[in-house]
Amino acid sequence: MYFSQGIDIIEKKRIKRLISLYGKIFLNKILSDNEILNFNYIAREKRNEKLSGIFAAKEAVSKALGFGFRNGVTYKNIEIINNEFNKPEINLVGESKKLFCTLKKENNSVLSVSISHEKNYALSIASILIYW
């Protein structure tokens, strides 16, 4: 069995500042096309909180994968999409998925992410469990 975790915390005003400075350039660097579609449906007053959580989640996932943002792992190829119960889920695409597949080698695996918000911060923890 293989188990790995990653954790990240982000100050929400940092994300707000990046959005005000770079706008869509920042969003296009961080979010996949699927995430941008979902993001456009979020009420304006909730967007900074949502994006802060997604950013922290992507950082946590990159750490749990053990690569960080290198070897082809980018913000755009780690997707954080909410399921029908509004629980965030991880969808790896492109190079992130290829690297993950080298870890799991046809074994059963569980990828999990949790996002929490506090007044000034967003926190996320990601876990990877692979059964041999």
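**Close-up views of a predicted model**

View 1. Leaving aside residues up to four places away in sequence, Ser124 touches Gly6, Ile7, Asp8, Ala56, Ala57, Ala60, Val113, Ser114 and Ile115. Ser124 belongs to strand β5, which covers residues 121-131.

**View 2. Strands and helices of the protein chain****.** The chain contains 5 helices and 5 strands. Their order along the sequence is β-α-α-α-α-β-β-α-β-β. Of the contacts between residues at least 6 apart in sequence, 60% join residues at least 24 apart.

**View 3. Dimensions of the protein chain****.** The C-alpha trace spans about 45 × 25 × 25 Å along its principal axes. The radius of gyration is 15 Å, which agrees with a compact globule, because a globule of 132 residues would have a value near 14 Å.

**View 4. Surface and charge of the protein chain****.** The accessible surface comes to about 7,900 Å², and carbon and sulfur atoms account for 54% of this area. The chain carries 21 positive and 13 negative side chains. The centres of these two sets lie 5 Å apart.

Conventions:
Residues are numbered from 1 along each chain as its sequence is written. This is a predicted model: local features need pLDDT of at least 70, side-chain atom pairs count only at pLDDT 80 or more; totals for chains, interfaces and linings use all residues. Side-chain values use heavy atoms; hydrogens and water are left out. Helices (H or I, at least four residues) and strands (E, at least two) are DSSP runs, numbered from the N terminus. The radius of gyration is taken over C-alpha atoms; the globule rule is 2.2 Å times the number of residues to the power 0.38. Contact means heavy atoms within 4.5 Å. Accessible areas come from the Shrake-Rupley method with a 1.4 Å probe; for residues, only the protein chains shown count as cover. Lys and Arg count as positive and Asp and Glu as negative; His and the chain ends are not counted. The place of a charge is taken as NZ of Lys, CZ of Arg, CG of Asp or CD of Glu.
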